[in-house]
Amino acid sequence: GRSYCVRTQRMLNQCLESLVQKVQSGVVINFEKSGPDPPPIGEDGLVDSSRPINSFGSQPWHSCHKLIYVRPNPKTGVPVGHWPIPESFWPDQNSPTLPPRTAHPVVRFSCVDCEPMVIDKLPFDKYELEPSPLTQYILERKSPHTCWQVFVSSSGKYSELGHPFGYLKASTTLTCVNLFVMPYNYPVLLPLL
């Protein structure tokens, strides 16, 4: 925290300028692990089957309440997104109101390595994750060519976890982790397109 004691108009302007520099534009998301931990990776970057998987006991990276940076368009100054994060319910036409929801979406991630998918002419959204135990864990695995799918519980009609709407992936330079947001159930949609 920081406090300011403002005595003059000039000091007020300086304080506001200082605060504006500290503000990050983004959205806070609760990231929660779903399913078992991934197999350990050895020094060579390959799965090390001799090391046991520690699926018991909670690790700091299993649950993170962190920001995704929403960068504004450099030309307009307005952030642009193509796809929403799904709601945690299936719409019901007979319901007069929408169910209550948390202010910060709960996004579940599966630690199963998948191929990242993108196709030409279909937009996707890419958001950088604020550094956290989760980003550190993903970067330490040194696998920038695989990704972990993300879900919102109860977003599908027939399954509790719902369908994937994107994935977490380390950047190719292993400097940050990005959340890619795609159309809902993109693994089925993209091959059809």
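# Cavity, salt bridges and surface

Student: Which residues line the largest cavity?

Tutor: Asp113, Ile138, Arg141, Ser143, Thr146, Cys147, Trp148, Leu168, Lys169 and Ala170 do. Before we go on: this is a predicted model, so local features need pLDDT of at least 70 and side-chain atom pairs count only at pLDDT 80 or more, while totals for chains, interfaces and linings use all residues. Residues are numbered from 1 along each chain as its sequence is written, and side-chain values use heavy atoms, with hydrogens and water left out.

Student: What makes it a cavity?

Tutor: On a 1 Å grid over the protein atoms alone, a cavity is a set of points where a 1.4 Å probe fits but cannot get out, and lining residues have an atom within 4 Å of a point. This one has a volume of about 70 Å³. Strand E6 (residues 166-170) gives the most to its lining, with three residues.

Student: How many helices and strands does the chain have?

Tutor: Three helices and seven strands. Those are DSSP runs, numbered from the N terminus: helices are H or I with at least four residues, strands are E with at least two.

Student: What about Arg101 and Glu87, how far apart are their closest N and O atoms?

Tutor: Those atoms are 2.4 Å apart, and that pair forms a salt bridge. Arg101 and Glu87 both lie in the loop between E2 and E3, so the pair ties together parts that are 14 residues apart in sequence. Arg101 is exposed because its relative accessible area is 58%, while Glu87 has 32%, so Glu87 is partly exposed.

Student: Which bridge does Glu128 make?

Tutor: Glu128 pairs with Arg71, with the closest N and O atoms 3.1 Å apart. Glu128 sits in strand E4 and Arg71 in the loop between strand E2 (63-69) and E3, so this pair ties together parts that are 57 residues apart in sequence. At 26%, Glu128 counts as partly exposed.

Student: What makes the phi of Lys121 worth a look?

Tutor: Most residues other than glycine have a negative phi. Lys121 has a positive one, near 70°. Lys121 lies in the loop between strand E3 (106-110) and strand E4 (125-129), and its relative accessibility is 85%, so Lys121 is exposed. Asn185 isn't a glycine either, and its phi is about 60°, again positive. Asn185 is in the loop between strand E7 (177-181) and helix H3 (186-192).

Student: Where is Val6 found?

Tutor: In the segment before helix H1 (9-22). Its relative accessible area is 40%, so Val6 is partly exposed.

Notes
Buried < 20%, exposed > 50% of the residue type's maximum accessible area, 1.4 Å probe, protein only. 1 Å grid on protein atoms, 1.4 Å probe; cavity = no way out; pocket = protein on both sides within 12 Å on 5 of 7 lines; lining within 4 Å. Points joined across faces, edges and corners; volume = space filled by probe spheres on them. Salt bridge = Lys/Arg side-chain N within 4 Å of Asp/Glu carboxyl O.
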